Amino acid sequence: MSETPDFEILLDKLTSGQLDPEGCRLLNEMLDKPGFTELVEKRIDNDLETGKYTPEEHHRIHEMVMERIMKGTFAKIGRQVPVSEPVVTRVHRIHFLRRSWVRYAAAAVILFAVAGTYFLLQPKKQELLSQAERFKNDVAPGKTGAVLSIEGGKTILLDTAANGQVLGHFTKGDKALTVAGTEVQYALLSTPIARTEVLNLSDGSTVWLNAESSIRFPTVFAGSERVVEVTGEVYFKVAHNANMPFKVKVAGQVIEDIGTEFNINAYGNERVLKTTLVEGAVKVVANGNILLLGPGQQSESDQTGILKRVAIFDMDETLAWKDGLFTYNGASMEAIMRQVARWYGVEVVYGDKVAGEFVADIPREVPVSKLLNVLEGTGKVHFTIEGKKITVFK
Amino acid sequence: MNPEANIPDDDVLLTQITSGSETALALLIKKYWKDIYFLCLTYLDRPEIAEEATQDVFVKVWQVRDRLGEMNNFKNYLFIITRNHVFSELRKSLHREPVDLKMYSTDDPEDDHPSPQRQLEFKEYKATVDRAIALLPEKRRLIFRLSRFEGMSYNEIGQKLDIKPSTINDHITQANNFIKTYLRAHIPGVIISLTAVIICLYDK
């Protein structure tokens with residue numbers, strides 16, 4: 001048939017999402033004609049057998065799709081999804097189009113999340129003490145605030161300082177601290193537990209500091225390079241200056257920026273040091289190894305200093321802190337509780353080991369009881385709060 | 001992490017499903033959902049439709065479990081059900097508006113004065129699509145960009161990168177599938193309404 005080649009082309013366009021309405025109409029017509037049905041069926045058979053559309057990589061969103069399919073299938077046959085190993089626990093993700101609404105409606109958000117659906121497991125009802133008995137007190141979330149000191153000079157607590165000029169070269173605003181020096185002096189800005197801070201450097205770059213982090217920087221950049229040193233978790237938005245490359249020193253590595261946005265996670269008690277690139281390009285140098293990162297890429301290095309590019313990671317999870325959220329896409333309870341300890345300034349103790357992977361989106365500006373409630377809603381973990389100590393139980 | 005690692009062989013699963021084991025059904029789903037879902041998504045365009053179709057395949061298997069008996073090739077049987085299902089759904093989907101991913105990533109489209117709400121939603125969708133694109137493997141991302149943002153044909157891309165056009169086609173398909181799945185994962189329930197938004201925003 002002379003139309004067969006066109007038919008194949010139409011199918012190619014269909015599968016690559018490039019079939020226009022006219023093509024749809026043509027294809028539909030052809031499917032009425034005898035012989036074409038077999039061609040399509042054969043093509044589909046072939047596609048299935050070769051698995052040509054099945055992705056090799058396993059992304060976390062695949063977990064979510066699988067669970068919806070699992071739940072939907074069992075709902076349609078009128079049965080419960082069976083419990084299986086490995087244990088996977090899900091708290092339904094709620095995504096809001098406008099983040100600001102999330103901040104105003106924090107309580108409603110959490111309740112909704114708890115009332116949401118469980119995808120894989122039906123939680124067993126546990127004999128628990130009432131929440132009033134388990135949570136003896138609450139702990140408020142961190143607020144913006146930090147410690148600023150000039151090397152060889154004064155130190156101030158930013159919380160207690162009034163807005164306006166501080167320590168000579170700095171201007172403290174509601175949202176950020178800005179520095180504009182005339183002579184080079186080194187300063188250190190550090191955040192303790194449960195604090196974040198935003199810093200505008202003299203070159204127009206902006207830096208976000210997570211809790212327990214620090215940045216050492218000059219009040220004005222001079223010379224051929226702009227160099228800063230950091231610890232903890234810091235997000236950079238670097239102002240472009242081709243004549244003066246921007247470099248970040250962290251834990252024995254140097255990250256050289258090429259006019260970009262990137263996140264560095266270098267907490268000592270995390271297993272690896274991660275640099276994540278959002279936009280532009282950076283060059284990561286560690287132990288004589290060099291790695292160039294493009295947008296959406298992440299590098300990891302561990303205690304042995306080995307540097308590698310991470311194939312798959314979750315951008316949302318990595319950058320959630322900057323948006324004022326806790327986002328987990330399959331995180332372990334230990335990883336979650338490390339963040340909780342940093343943000344609320346609490347000590348975390350384990351009564352039981354809690355297995356499983358958790359998925360959740362929770363605003364940071366909620367008291368810790370609300371966050372723990374959300375996690376408890378999975379039925380896989382529960383907590384007690386006493387003073388500044390949180391104990392984790394199965 | 002390979003979720004398919006510890007699943008029993010097909011003949012074991014078949015025997016158990018025939019005797020009504022729900023666990024076996026769950027394992028069957030774990031084993032084959034990816035193959036089925038991504039094929040459905042490729043032919044039927046909408047992630048939520050692909051999910052429903054995938055569910056229906058497994059439901060069908062369960063419903064006829066008494067009559068399954070012993071067969072040599074259980075996987076083949078699953079795929080036949082899938083193929084038949086996709087074929088019958090295909091006619092329906094050809095009548096629907098396709099999801100045009102290019103439109104999610106264009107800057108400042110001409111608009112018929114969309115409401116501020118819609119504008120904000122659009123910004124959010126665009127940001128989500130951009131993130132999805134950033135997550136694609138390097139080569140695939142490059143191919144996608146060259147095709148969608150620079151308008152190069154498959155032949156042109158194939159020549160530039162020294163890759164067969166049919167392989168380019170496959171990369172585009174995989175990229176589309178990933179982006180659609182990612183969009184649905186992060187902004188559930190919005191694809192259909194977004195397409196309506198796009199129709200409002202654009203004058204075809």
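Between chain A and chain B there are nine salt bridges, each one being a side-chain nitrogen of Lys or Arg within 4 Å of a carboxyl oxygen of Asp or Glu. One of them brings together the side chains of Arg79(A) and Glu22(B), at 2.4 Å from N to O.

Before going further, please note that this is a predicted model, in which local features need pLDDT of at least 70, side-chain atom pairs count only at pLDDT 80 or more, and totals for chains, interfaces and linings use all residues. Residues are numbered from 1 along each chain as its sequence is written, chains are lettered from A and ligands numbered from 1 in the order in which they are written, and side-chain values use heavy atoms, with hydrogens and water left out.

Back to the two chains. Polar contacts link 21 residue pairs of chain A and chain B, both residues at pLDDT 80 or more; such a contact is a pair of N or O atoms within 3.5 Å, where within protein one must be able to donate a hydrogen and the other to accept it, and residues adjacent in sequence count only if both atoms are side-chain atoms. The elements of chain A that give two or more residues to the side touching chain B are α1 (4-15), α2 (21-32), α3 (36-50), α4 (60-76) and α8 (315-319). Helices here are DSSP runs of H or I with at least four residues, strands are runs of E with at least two, and both are numbered from the N terminus. The largest share comes from α4(A), with 13 residues. By type, this side of chain A holds 25 nonpolar, 17 polar and 19 charged residues.

In contact terms (heavy atoms within 4.5 Å), 61 residues of chain A meet 65 residues of chain B. About 6200 Å² is buried between the chains, 61% of it on carbon and sulfur atoms; this is the accessible area (1.4 Å probe) lost on putting the two parts together, summed over both.

| Strands | Sense | Bridges |
|---|---|---|
| β14(A) (261-266) and β15(A) (273-279) | antiparallel | five bridges |
| β15(A) and β18(A) (298-301) | antiparallel | four bridges |
| β20(A) and β22(A) (358-363) | antiparallel | six bridges |

A hairpin of six residues joins β14(A) to β15(A), and Asn265(A) stands opposite Lys274(A).

Strand β20(A) (325-331) has seven of its seven residues buried, so it is largely enclosed by the rest of the structure; buried means under 20% relative accessible area (1.4 Å probe, protein chains only). Its Ala331(A) stands opposite Phe358(A) in β22(A).

Technical notes: Ala, Val, Leu, Ile, Met, Phe, Trp, Tyr, Cys and Pro count as nonpolar, Asp, Glu, Lys and Arg as charged, and the others, Gly among them, as polar. Two strands pair if DSSP finds at least two bridges between them. Buried means under 20% relative accessible area, exposed over 50%, partly exposed in between (1.4 Å probe, protein chains only).
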